[in-house]
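Thanks for coming. I have one structure to go through this morning, and I will keep to the chains and how they are arranged.

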6 protein chains.
Amino acid sequence: MKKLVSFGELLLRLSTPDYLRFSQASSFDAVYGGSEANVLISAANFGKPCEFVSVLPDTDLGRRAARELQINQVGVSNIQFTGKKLGLYFLEKGAINRGSKVIYDREHSAFANMDPESLDWDEIFKDCDWFHWSGITPAVSENAAKACKIAVDKAHERGITISGDLNFRGNLWQYEVDRKQVMSDLVNKTQVLLAGHYACKQFFGLEAEIGSGKDLSSKLKDQFPELKTVAITNREEINASHNKWSAQLFSEGEAYESVQYDIYPVVDRVGTGDSFMGALIYGIQQFDLQKALDFAVAASCLKHSISGDVNRVTLEEVLKLVDGDRTGRINR
Amino acid sequence: MKKLVSFGELLLRLSTPDYLRFSQASSFDAVYGGSEANVLISAANFGKPCEFVSVLPDTDLGRRAARELQINQVGVSNIQFTGKKLGLYFLEKGAINRGSKVIYDREHSAFANMDPESLDWDEIFKDCDWFHWSGITPAVSENAAKACKIAVDKAHERGITISGDLNFRGNLWQYEVDRKQVMSDLVNKTQVLLAGHYACKQFFGLEAEIGSGKDLSSKLKDQFPELKTVAITNREEINASHNKWSAQLFSEGEAYESVQYDIYPVVDRVGTGDSFMGALIYGIQQFDLQKALDFAVAASCLKHSISGDVNRVTLEEVLKLVDGDRTGRINR
Amino acid sequence: MKKLVSFGELLLRLSTPDYLRFSQASSFDAVYGGSEANVLISAANFGKPCEFVSVLPDTDLGRRAARELQINQVGVSNIQFTGKKLGLYFLEKGAINRGSKVIYDREHSAFANMDPESLDWDEIFKDCDWFHWSGITPAVSENAAKACKIAVDKAHERGITISGDLNFRGNLWQYEVDRKQVMSDLVNKTQVLLAGHYACKQFFGLEAEIGSGKDLSSKLKDQFPELKTVAITNREEINASHNKWSAQLFSEGEAYESVQYDIYPVVDRVGTGDSFMGALIYGIQQFDLQKALDFAVAASCLKHSISGDVNRVTLEEVLKLVDGDRTGRINR
Amino acid sequence: MKKLVSFGELLLRLSTPDYLRFSQASSFDAVYGGSEANVLISAANFGKPCEFVSVLPDTDLGRRAARELQINQVGVSNIQFTGKKLGLYFLEKGAINRGSKVIYDREHSAFANMDPESLDWDEIFKDCDWFHWSGITPAVSENAAKACKIAVDKAHERGITISGDLNFRGNLWQYEVDRKQVMSDLVNKTQVLLAGHYACKQFFGLEAEIGSGKDLSSKLKDQFPELKTVAITNREEINASHNKWSAQLFSEGEAYESVQYDIYPVVDRVGTGDSFMGALIYGIQQFDLQKALDFAVAASCLKHSISGDVNRVTLEEVLKLVDGDRTGRINR
Amino acid sequence: MKKLVSFGELLLRLSTPDYLRFSQASSFDAVYGGSEANVLISAANFGKPCEFVSVLPDTDLGRRAARELQINQVGVSNIQFTGKKLGLYFLEKGAINRGSKVIYDREHSAFANMDPESLDWDEIFKDCDWFHWSGITPAVSENAAKACKIAVDKAHERGITISGDLNFRGNLWQYEVDRKQVMSDLVNKTQVLLAGHYACKQFFGLEAEIGSGKDLSSKLKDQFPELKTVAITNREEINASHNKWSAQLFSEGEAYESVQYDIYPVVDRVGTGDSFMGALIYGIQQFDLQKALDFAVAASCLKHSISGDVNRVTLEEVLKLVDGDRTGRINR
Amino acid sequence: MKKLVSFGELLLRLSTPDYLRFSQASSFDAVYGGSEANVLISAANFGKPCEFVSVLPDTDLGRRAARELQINQVGVSNIQFTGKKLGLYFLEKGAINRGSKVIYDREHSAFANMDPESLDWDEIFKDCDWFHWSGITPAVSENAAKACKIAVDKAHERGITISGDLNFRGNLWQYEVDRKQVMSDLVNKTQVLLAGHYACKQFFGLEAEIGSGKDLSSKLKDQFPELKTVAITNREEINASHNKWSAQLFSEGEAYESVQYDIYPVVDRVGTGDSFMGALIYGIQQFDLQKALDFAVAASCLKHSISGDVNRVTLEEVLKLVDGDRTGRINR
């Protein structure tokens with residue numbers, strides 16, 4: 001198999017244990033993740049060769065962050081180590097009707113301060129058949145946005161399949177920027193997009209019929225003609241501990257619908273969208289589109305049971321759930 | 001704003017971690033709380049100035065207990081430090097159909113042994129517009145009961161609004177006493193009461209139609225004419241992990257009903273009634289009665305997601321839930 | 001009361017904390033258990049005198065394992081300490097739609113290598129009125145199977161009541177054996193059997209109407225005429241965190257049906273069948289059959305709320321649930 | 001071997017983890033111990049049959065406390081379960097030049113409130129050849145003091161060897177009492193005494209040459225002619241983390257001196273004197289007096305490396321240290 | 001007593017537990033501290049009224065940081081809450097010959113970005129008799145340096161005693177600056193200075209005889225004539241776990257020398273210099289200079305036994321050590 | 001640089017936390033290691049390319065074990081995954097005069113049962129300039145011994161430098177074997193050997209002057225003429241918490257002596273010999289022999305401060321200690 005490549009920031013996540021509030025915590029659990037890295041690890045779980053491109057600080061913490069990818073079989077030879085600050089975020093895990101809270105601390109990180117011209121994309125894209133980007137990267141800094149655009153352009157030139165996740169984060173985008181332009185430049189060269197109503201409105205002013213994935217998908221494809229496949233995940237948030245989870249796919253005139261999973265009590269929902277995306281990329285390459293969708297929804301359903309930002313499931317485990325075994329029976 | 005004052009015992013709670021039984025625990029989690037202090041902290045969360053009056057032992061643990069109030073912005077300048085024993089209780093957290101168990105160890109505590117004449121209520125009640133008592137205080141000891149009566153009398157003389165929570169605890173009241181008389185003396189001078197069917201029967205032999213809050217409220221008001229507002233919380237206990245939670249208010253001929261919250265899995269239900277009371281006091285002063293009720297139910301719904309005896313939520317968080325957002329969505 | 005005796009292996013269980021996957025764990029929680037020991041401890045909780053017969057390694061860990069029984073009031077004077085390896089298993093706790101995983105490491109253990117002739121059953125069975133075996137013991141090794149047969153034969157000679165639990169474990173039975181013969185030899189002398197459709201098919205090729213406990217029970221009694229009472233537990237696995245739990249009893253032409261319990265979130269389901277069996281043995285001796293069944297289902301319902309392999313509940317707690325109080329109310 | 005019996009209170013110890021101060025702790029480690037129980041467990045480690053006589057509350061915590069003795073092979077059939085309060089103490093572990101702090105909470109415990117006439121000493125002393133008491137028991141309450149005197153009298157009548165540990169605790173003795181009389185009544189019938197300069201002065205006004213164990217021993221024997229053997233432990237406290245430890249024995253005109261152990265960093269020094277006493281009792285029965293002393297010092301040296309109040313070492317481990325192997329080499 | 005005021009940054013410290021390396025940690029212990037706040041808390045331990053002036057981010061973490069001061073009886077009414085980033089640092093605790101490592105992440109923090117003109121020093125300095133600054137503050141940013149200068153100037157105008165700690169940190173000072181000028185401006189108006197050979201060389205090019213505190217002190221006083229008292233702490237670093245600790249004071253022609261403490265195993269040495277300074281300020285106001293020095297050394301010796309950045313000792317505990325009791329005996 | 005290759009078993013180590021005894025532990029800390037893997041990781045720390053050859057079970061635990069090497073930059077492409085049992089050992093960490101205890105559970109592991117002919121050494125040894133073996137491998141099983149001999153023979157044929165560590169483990173060698181022959185076959189083709197008096201006597205009956213490394217080295221070289229360099233580590237075990245550590249090298253008629261390090265309190269001494277060996281291999285290739293020795297002793301001195309079986313230090317950290325800085329000063 002050829003490589004899946006992505007480019008983004010890797011963060012240290014510091015989360016309060018046992019549903020404690022920030023004001024109660026005397027320790028933080030530490031894991032490493034980030035939207036693009038999460039996508040890669042999700043795909044790597046199933047055997048897809050993956051390569052992560054990033055900039056990390058030249059410190060013990062920066063090196064530790066990179067190891068998280070190695071542990072999960074993702075290549076790290078194109079990570080630069082320079083600068084001092086590791087991007088990080090604090091997470092207070094919610095429960096019942098109290099939502100989780102995130103405090104970002106990633107401005108001025110080594111990644112945000114990166115040199116957008118410093119990456120050798122010709123080298124990186126050797127033996128690569130898919131590039132994935134996320135809307136979080138251009139939200140980090142102007143430099144990151146520039147680098148992301150270069151990556152997409154280079155991938156497009158080479159005929160590599162390009163996927164993206166809009167991933168709107170209101171608390172980022174802390175620099176002067178024409179968001180619509182930046183995002184349009186990326187989506188214009190993208191074939192597979194994970195999108196949502198809110199993000200489409202925020203980025204492109206694009207409003208679809210309420211709740212209609214089909215309408216949203218059509219309008220996106222009108223605006224961005226290279227788009228071939230649009231995926232939409234549907235999270236019904238009964239509360240922070242209980243979600244229902246399903247997804248849709250719109251591709252070449254066809255609409256695909258997944259089953260819905262009833263998920264409680266949520267163990268960790270951070271990174272579930274990323275685990276969906278990684279599994280979808282793998283699925284599109286291995287299965288027909290209906291099964292690719294089912295596979296991605298099952299993989300991300302399982303992610304809700306796994307602590308940390310990244311999914312850790314095997315192909316067999318996901319296929320067993322795709323085949324309808326929701327029992328969670330003990331294997332002994 | 002003027003001060004809310006309460007008087008009661010502050011306890012060290014020692015609870016088994018991870019739903020372990022007492023026989024399995026090799027450590028205990030330690031938090032500090034007590035019904036009256038919990039009420040104050042609940043109100044202080046929203047900005048109400050509060051002052052706790054108590055007696056704590058003159059030891060490192062007694063001083064640590066007082067700090068819990070300071071951390072939560074409650075005044076402690078009227079706490080006496082004398083004696084040796086801190087009241088404490090052991091808590092085994094239940095799950096599913098196994099209920100939580102409490103072992104009290106508070107007899108002969110510094111608070112129980114207090115001198116009921118030793119408190120300078122004229123000083124304490126300066127700049128105060130509300131006094132709150134709970135039925136736990138007279139249950140602790142004869143001295144505590146006497147002190148509580150003095151406090152209520154002094155507050156009444158000064159025209160301070162008085163609220164109470166019947167809080168029947170069958171395992172306390174370990175001294176010779178005419179419970180009905182003691183409790184009647186308190187309720188007689190009270191305007192806002194948190195009550196329940198079982199407590200009314202135990203204390204006053206007062207029986208209302210089963211499940212009728214209205215009838216209970218009427219009978220209470222007949223017996224205690226100064227009562228203006230009666231609040232009743234309704235906990236539907238599906239099991240130890242799953243409760244439904246709502247409340248009613250009866251005031252000046254009007255009945256108010258809250259929405260019901262579906263709460264699972266319960267993180268910590270100790271102190272939820274107290275968080276309701278603190279929020280109700282704040283709400284009555286800030287909002288109309290319907291909103292005060294909604295505010296108090298929402299605040300105490302959130303308390304179920306928070307470890308420890310005391311609530312730790314902001315005004316914004318409660319108002320968001322009052323406005324109907326139960327999704328527990330991540331804010332990022 | 002006379003003694004309940006059982007014979008089997010005691011294992012160290014090493015489980016990942018907080019629903020972590022094996023690949024994430026940097027520590028393992030350690031508890032000791034095993035099907036037969038779990039049955040004894042379940043019965044000992046209610047006051048039944050119990051005695052465990054086993055072989056454990058002559059190491060600090062072997063001795064620690066035996067202490068687990070002493071802590072739970074089960075006699076250990078007939079445990080042999082010899083050999084070096086303690087049987088153990090690793091447990092990854094599942095959640096939501098991800099099932100738990102077990103990795104056994106019990107081949108070549110001190111128990112598996114035991115001398116089947118080394119136990120003095122005449123001595124052991126003094127003052128004993130019930131012997132219990134489980135299908136796990138013959139699955140461990142040829143030696144264990146032989147010893148189990150001797151025990152059943154000796155108990156039968158003495159007129160001791162014999163119960164068994166088929167307990168099919170596909171990952172054991174790692175030696176050349178005629179399973180049907182081995183198991184038939186045991187069931188042939190058994191009066192009370194805990195059975196299931198799948199195990200009956202695997203062991204005896206016996207197929208009953210789908211879901212019909214009555215039919216299964218009839219066919220078992222046809223094949224094994226000494227069987228008097230057949231118990232069947234019904235676990236409806238909505239997912240790994242949410243089960244429904246009930247049971248049936250078939251005895252002397254009568255069918256008994258229990259209520260069903262709705263169990264979520266599951267704290268620990270390992271050993272719930274064993275807790276059922278231990279409570280059933282106690283119940284059959286103390287109550288009528290309907291109450292015995294209700295008692296066993298309630299006891300094992302409570303087990304789902306308790307960490308570890310063994311149940312830790314009192315007679316009062318179980319009877320309270322039998323009487324219908326599912327509220328999990330705090331006792332204070 | 002015949003039994004060693006002791007009588008005293010069993011406490012729950014709640015200690016701060018990781019050298020935290022009381023004001024810093026959000027959890028407490030829980031272990032169970034008490035001077036007399038510690039002595040028994042120390043002796044039971046080596047195979048001496050032991051029996052603990054006490055009164056514990058009739059609660060889950062009281063029963064859990066008793067199990068600690070069972071786990072350690074000490075008989076519990078003469079423990080009464082009555083009352084509600086378990087004696088407990090809080091321990092803040094010191095380090096370097098900061099000493100440990102103890103906050104007792106044992107007044108009014110089930111043990112302190114016991115009925116001194118309620119114990120059937122004739123039954124208890126069957127098959128017993130040694131009774132041990134400690135000065136902590138009469139310090140707890142008048143009732144405990146009376147019960148202790150009865151026990152000593154009964155043991156003396158039966159010709160059982162009696163040992164005692166003066167164990168002066170300034171923070172106990174919280175009732176009106178003629179300490180000298182109470183303690184003299186006990187020592188008068190005692191043959192083996194663990195004593196110290198400070199305790200002798202406090203209890204008996206008996207002052208010996210500074211640092212001269214021999215002089216102290218002589219004066220004790222003059223005052224209490226039945227005393228045959230006096231043991232004195234010498235702790236040189238360089239600081240809380242570094243102690244030097246040795247002991248002396250004076251018996252029938254002979255003086256015995258042990259080697260000195262250099263102990264750092266101290267893991268847990270609580271109960272080291274008790275572990276010495278238990279080992280000394282065993283040693284006096286098994287070895288000559290010099291070896292008995294060496295054995296007791298080595299056993300208690302090892303106790304400093306073991307968390308909790310009680311020693312957990314084997315005969316072989318102690319004898320290896322007696323033989324001079326201080327290396328702490330890994331056995332693999 | 002009048003107030004001690006200080007101004008500086010309060011940081012979240014995230015340290016690896018159990019001597020783990022950064023690469024091994026899956027959680028971080030969280031405490032709050034900073035040189036200037038540590039000094040205040042050290043003085044507040046003994047009863048000195050203290051007030052901390054700072055800028056913290058307007059987030060849950062910023063508010064939690066401020067509470068650390070409240071818990072320790074330090075006033076916080078002059079802390080501004082603005083901005084988003086809390087300064088933080090990661091600490092890897094060393095052991096034996098492996099030193100601790102610090103990774104700072106405090107650039108662009110709310111404090112670093114503060115408005116130097118925004119503080120109302122006239123208000124702050126009411127009822128204040130001592131102001132303390134540290135060399136860390138000007139090292140953080142140009143704005144912080146300006147604010148620190150203003151504070152010193154204002155305090156000097158009012159005749160408030162001024163102390164400073166040179167506190168050279170090579171990894172800070174990340175902006176264009178004439179360090180010598182900045183620091184000279186502060187020292188010029190300072191009466192009591194905590195200094196060291198290395199810092200004096202780095203800041204002022206001032207070189208004294210190796211190891212001669214007297215010479216260093218003289219040269220400092222020559223250069224900064226307002227200096228009255230110079231304190232020097234001497235840490236002999238045998239290794240990371242074993243230090244020897246003493247100090248000297250030079251004041252008005254007199255030299256004072258403390259005893260030396262032998263400290264092992266170090267529990268936490270961060271903040272020991274600050275605990276010395278806080279105790280010295282208290283001591284100078286309460287005792288003669290020799291005792292002030294002894295008091296400060298003893299207080300900071302004890303700090304080595306306490307986890308976290310701040311000292312937590314009582315006046316009694318320090319005085320006991322000053323009086324020579326290094327035994328660390330248990331008080332019971 | 002060319003590769004260093006080694007072959008051996010990788011184990012899961014389960015150790016009791018906080019110096020608890022086996023009987024006290026309710027959890028075990030989990031790390032992965034093994035003598036040969038530890039040597040590789042030690043060398044990989046400094047930049048030497050390394051490759052580990054082994055057999056691990058085809059389970060989640062087997063795969064997790066392999067990841068430990070990846071995290072530490074050691075190649076794993078020649079690890080076979082087959083079989084079910086992971087070798088493991090339990091470790092009780094000692095303190096003061098109580099030594100650590102090891103319980104092995106590695107018989108019948110996937111590694112022990114390996115096929116000795118299954119490894120493709122020609123492929124493995126491409127680009128390799130050093131092969132290392134340890135005496136633990138032939139001690140595991142006959143198959144492992146055969147495979148180890150094949151590896152040494154193949155390496156020798158190719159002119160690869162061969163090093164070995166005698167590593168005598170009395171508790172292994174649980175099969176019928178002529179130890180002397182097996183070990184001689186290995187040492188006969190070895191150029192660099194880590195040896196000790198006790199191992200030489202056990203394996204070869206070779207007795208040297210007590211304490212004379214020189215004599216031991218001479219006798220070894222007489223018996224095994226291809227030996228060029230003999231290293232001997234000297235551990236002076238004051239107790240389990242306090243060791244002194246140094247080493248000697250004998251090569252081509254020259255003797256080299258290291259400094260001695262004073263190590264207390266020991267954090268983790270398992271794997272220190274392996275860390276020495278890995279650093280020595282690196283050192284011999286990079287430095288002169290005196291510096292290689294100094295480097296290896298410093299690296300392994302630092303290992304005593306690091307939890308787990310493997311060293312985690314940088315080249316810079318070791319060189320700093322080689323240069324004499326033992327202070328353990330904080331770098332900030």
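I will start with one chain, then take the pairs of chains in turn.

Before anything else, this is a predicted model, so everything I quote is computed from it. For chain A, UniProt, in an unreviewed entry, places the feature "domain: Carbohydrate kinase PfkB" at residues 1–304. That span is 35% helix and 27% strand, and its end C-alpha atoms are 28 Å apart.

Now to chain B, and one strand in particular, β9(B), residues 128–134. β9(B) has parallel pairing with strand β1 of chain B, residues 3–7, over four bridges. Within that pairing, V5(B) has F131(B) as its bridge partner. β9(B) also pairs in the parallel sense with strand β10 of chain B, residues 161–165, and here there are five bridges. One of the bridge partners there is G164(B), which sits across from W133(B).

Next, the copies. As background, a rotation about an axis and a shift along it relate two copies of a chain.

Take chains D and B. Chain D superposes on chain B by a rotation of 180° with 0.0 Å of shift along the axis, at an RMSD of 0.0 Å. The two are therefore related as by a two-fold rotation axis. Which residue of chain D comes closest to that axis? F28(D) does, with its C-alpha at 2.7 Å.

F28(D) comes up again at the interface. There, 23 residues of chain D contact 23 residues of chain B, and the two chains bury about 2000 Å² between them, 62% of it on carbon and sulfur atoms. F28(D), D60(D) and L61(D) supply 25% of the area that chain D buries against chain B, more than any other three residues. There are also four salt bridges across this interface. For example, the side chains of D105(D) and K85(B) form a salt bridge at 2.6 Å, N to O. Since 100% of the interface residues of chain D are also interface residues in chain B, the copies meet through the same surface.

Conventions: Residues numbered from 1 in each chain as written. Chains lettered and ligands numbered in written order. Predicted model: local features only at pLDDT ≥ 70, side-chain atom pairs only at ≥ 80, totals over all residues. Heavy atoms only, no water. UniProt positions renumbered as here; feature names shortened; annotations may be inferred. Helix = DSSP H or I, 4+ residues; strand = E, 2+ residues; numbered from the N terminus. Pairing = 2+ DSSP bridges. Least-squares fit on C-alpha atoms with pLDDT ≥ 70 in both. Contact = heavy atoms within 4.5 Å. Buried area = accessible area lost by both parts, 1.4 Å probe.
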